[in-house]
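Morning, everyone. I have one model to go through today, and I will take it region by region.

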Amino acid sequence: MGHGAGYGKVILFGEHFVVFGIPSIVSAIDKATTCTVERWDGEGWYLDDKRPETPGYKKEKLDQQRDSISRVLKAAGVDTARNPIKIKLEGDLVAASGIGASAASCVALARALSKEFNLDFSDEKINEIAFEGEKGYHGVPSGVDNTAATYGGLIWFVKGQPNIIDLLKVKEPVEIIIANTGLVTNTAAAVAGVKERKEKNPEKYDEIFNKARALANEAREALLVFDMENVGEMMDKNHELLQAIEVSCKELDLLVEIARDNGAYGAKMTGGGLGGNIVALTPGEKLQNKVAQAIESEGFEVLKTRIG
Ligand code: MEV
């Protein structure tokens with residue numbers, strides 16, 4: 001029996017822009033998907049998905065998930081016609097949009113396959129395999145989610161040949177909250193929508209994309225000197241840019257507003273958008289609890305965690 005795990009993630013700066021080579025900043029979170037792979041006497045592969053979920057997520061994503069698993073198996077070189085397996089997904093990461101659920105499960109599966117078939121994959125290889133799996137969900141993934149799911153930590157990620165992956169060290173961990181709209185969304189469609197609009201309005205989009213690049217660079221500096229007020233302000237600006245490329249929605253904007261009204265240093269949607277989750281910067285447990293309670297009292301689920 002082979003086991004493996006992959007972290008969930010939260011993108012602090014640069015989702016969507018990262019697909020086009022703009023830098024991004026992502027943090028793994030202390031929630032993970034785990035996977036167990038064992039041989040069985042059936043045919044091919046069988047999936048037992050026991051992850052907790054936002055209602056509707058697993059059903060909505062089933063086709064993409066099946067495609068993704070086939071891609072991971074292929075990239076790992078595991079032929080389930082000859083070696084039938086049972087795949088079980090579990091863990092404390094809620095399967096929801098925007099927190100890296102797909103990447104976490106791809107990494108967990110790649111690690112479990114490596115163990116069960118004695119493949120001895122390096123982290124780099126696990127990341128490569130998970131990137132192939134992400135294509136099932138994202139269409140054209142940047143690689144940011146699988147990188148966070150593989151390595152953990154706070155990461156500066158730039159897509160390229162090769163990708164730039166720098167681990168960022170901050171003075172101390174900082175509290176954040178992640179709040180769920182409860183809406184399951186299709187990342188591939190959101191990414192494709194941005195591409196289409198960008199092609200139709202190149203000048204407008206170039207201007208927004210340049211701002212996103214400048215913001216990511218400034219945010220990196222602010223994180224490194226631990227200027228959380230500045231980081232928060234830049235998260236707000238990042239949300240505006242995401243609104244401008246039309247990947248936010250009224251539910252995300254509402255959660256962002258509640259977080260800000262209750263003292264968050266900054267808040268923005270996170271991940272593919274059009275639903276899914278927001279992230280708010282809430283240094284200190286007192287502020288974190290206050291913002292979390294305000295959002296929960298409106299009926300939304302909140303995850304309290306830390307970055308750095
Ligand atoms: C999704 O978590 C992040 C996106 O930028 C897509 C990607 O980078 O693959 C929207």
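Arg-51 sits in the loop that runs between β3 (45–49) and α1 (57–76). Helices (H or I, at least four residues) and strands (E, at least two) are DSSP runs, numbered from the N terminus. Before going further, the source: this is a predicted model, where local features need pLDDT of at least 70, side-chain atom pairs count only at pLDDT 80 or more, and totals for chains, interfaces and linings use all residues. Residues are numbered from 1 along each chain as its sequence is written, and side-chain values use heavy atoms, with hydrogens and water left out.

Is Arg-51 buried or exposed? Arg-51 is buried, because its relative accessible area is 3%; buried means under 20%, exposed over 50%, and partly exposed in between, with a 1.4 Å probe and protein chains only. Its side chain makes a polar contact of 2.9 Å with the side chain of Asp-49. A polar contact is a pair of N or O atoms within 3.5 Å; within protein, one must be able to donate a hydrogen and the other to accept it, and residues adjacent in sequence count only if both atoms are side-chain atoms. Leaving out residues up to four places away in sequence, Arg-51 touches, among others, Thr-33, Tyr-57, Gln-65 and Glu-90, where contact means heavy atoms within 4.5 Å.

Next, the ligand. It is surrounded by 14 residues, and the closest are Lys-9, His-16, His-138, Ser-142 and Asp-145; a residue counts if one of its heavy atoms lies within 4 Å. A polar side-chain atom of Ser-142 lies 2.6 Å from a ligand oxygen atom. For Lys-9, the corresponding distance to an oxygen atom of the ligand is 3.0 Å. Taken alone, the ligand exposes 300 Å², and the protein buries 98% of that; these areas come from the Shrake-Rupley method with a 1.4 Å probe.

Last, the sheet. Four strands form an open sheet in the order β8-β9-β7-β10, with antiparallel pairing; two strands pair if DSSP finds at least two bridges between them. The edge strands, β8 (266–270) and β10 (301–307), each pair on one side only. From one strand to the next, the twist averages 25°. Strand β8 is joined to β9 (residues 277–281) by 5 bridges, and Met-269 stands opposite Ile-278 in β9.

Helix α9 (residues 285–296) lies across β7 and β10, at about 5° to β7. Axes are lines fitted to C-alpha atoms, for helices over the stretch in contact, and angles run from 0 to 180 degrees between N-to-C directions.
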